[in-house]
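The sequence and structure are shown first.

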Amino acid sequence: MVDERFDAIVVGAGMAGNAAALTMAQRGLKVLQLERGEYSGSKNVQGAILYSDMLEKLIPDFRDDAPLERHLVEQRFWMLDDSSHVGLHYRSDDFNEEKPNRYTIIRAQFDKWFSKKVQEAGALVICETTVTELVTNSAGKVIGVRTDRDGTTVLADVVVLAEGVSGLLGTRAGLRDIPKATEVALAVKEMHFLPRETIEARFNLKGDEGTVIECVGTISRGMTGMGFIYANKECISLGIGCLVSHFEQTGETPYGLIERFKRHPSVAPLIEGSEVKEYAAHLIPEGGFKSIPQLYGDGWVVVGDAAQLNNAIHREGSNLAMTSGRIAAETIFQIKSRRDPMTAENLSLYKDKIDQSFIMKDLKKYKNMPALLHTQSQNFFLTYPQLVSKAMQSFVRVDGTPKVEKERMTLRSFVSARSWFGLFGDAFRLARAWR
Ligand code: FAD
């Protein structure tokens, strides 16, 4: 292990850690990045949609050599009951642009590429090394890390904690609490391999065009959760995740959910005949604004999922991770350039910048949404999808029933399921949490 002092140590080589290490190395800081996995990306799980804007701010010409799958021209939202789906579907040729806005990626490949950029910028990246402890001085300031390589200690002016959602290092050091079961979802994901032409025919795509389908409804058995189906070049990423507290309450299993999701009549034809080559499970931070911990202290900052910076409503995580990593690194560079110490007071600038960015503005906007969805999950994820599906079926089925009678029956079904008071209450609560 290395026996020298660094300007910064970055713990973790996911989206946030790579963004932080790259930004500091590009500015000439002496950076050590430690990753417990065999290589960057070996432990990481994502759907995965990549948001170009946030990566462009780090690597403007990333399209030249990044391992990208398909650029997205279409987004579908499906609300499912057990036999049907009601869909909202947006497709635009405008997304066939010179610099597409979103891509599907495969994290194991993408992170490897990202890590190569970090190393080319001059950072020292060491994998298969777990940081076991933060090292502090007598005043409690973080001054380095201890690793599992014979307990080696490495010192630095500042430690960037980019250790992902579990964040064991930070929680063990007492910098933040272990995320509660109401603040994290457990997601499972499979990669279904099919010939490229089959994927393009099934999803109505040509060339490298891509599509994603986000699914809610009875697939989550009344728990707060979502499913997803993303088209890659030669495989389909399919997964589903629900709140850990709801798994605990219901006794449902992630494995049971994904099996049922794959058998749904709207989903099964998309993956028919595929070969499953990968299966992964991972946590997602879902507590939103109210679960964000302290973001900085004497000698340390925390970025990405470890800081609960994840927008579950919009399914955005990697972009918040890259942005928080970049902002933390820019702040550290700024403090270093002034030759100031990495004290909590100076590092509070990181929090100020995060507050001014889209990250905190978006998370603040939805601050009441997690609590609403967690407490009303039976209504929003079970009752309403069933009611809406029945209403749609009644609307399109031609059976000689007068339309006025159909409308009355539909209205009666909503009122008998939720009552007038419940219906207005749900609409009011949803509108209030959305604003
Ligand atoms: P991670 O990517 O988890 O990286 C943390 C790294 O730290 C890991 O490599 C880990 O091995 C390492 N590490 C941890 N502890 C230590 C230690 N003690 N020592 C050394 N190394 C350590 N986001 C999107 O933007 N789009 C999507 O489509 C999307 N889909 C998702 C689907 C699923 C199923 C899941 C689970 C997440 C999804 N996300 C998505 C969220 C996204 O994956 C995360 O927000 C993002 O990966 C967070 O990046 P990070 O760097 O903070 O954490």
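## The ligand and its shell

The shell around the ligand is made up of 16 nonpolar, 13 polar and 7 charged residues. Here Ala, Val, Leu, Ile, Met, Phe, Trp, Tyr, Cys and Pro count as nonpolar, Asp, Glu, Lys and Arg as charged, and the others, Gly among them, as polar. The model is predicted, with pLDDT of at least 70 needed for local features and 80 or more for side-chain atom pairs, while totals for chains, interfaces and linings use all residues. Residues are numbered from 1 along each chain as its sequence is written, and side-chain values use heavy atoms, without hydrogens and water.

Of the 36 residues around the ligand, those that come nearest are Glu35, Ile49, Arg107, Asp305 and Ser318; a residue is near if one of its heavy atoms lies within 4 Å. Strand E15 (275-285) is among the elements that supply at least two residues of the shell, and E15 gives the most, with 3 residues.

| Residue (backbone atom) | Ligand atom | Distance |
|---|---|---|
| Methionine 15 | oxygen | 3.0 Å |
| Glycine 47 | nitrogen | 2.8 Å |
| Valine 131 | nitrogen | 3.0 Å |

The ligand taken alone exposes 1000 Å², of which the protein buries 96% (Shrake-Rupley method, 1.4 Å probe).

## Positive phi values

Most residues other than glycine have a negative phi. Asparagine 204, in the loop between helix H5 (196-203) and strand E12 (209-217), has a positive phi near 60°. Serine 419, in helix H14 (residues 403-434), has a positive phi near 70°.

Key. A polar contact is a pair of N or O atoms within 3.5 Å; within protein, one must be able to donate a hydrogen and the other to accept it, and residues adjacent in sequence count only if both atoms are side-chain atoms. Helices (H or I, at least four residues) and strands (E, at least two) are DSSP runs, numbered from the N terminus.
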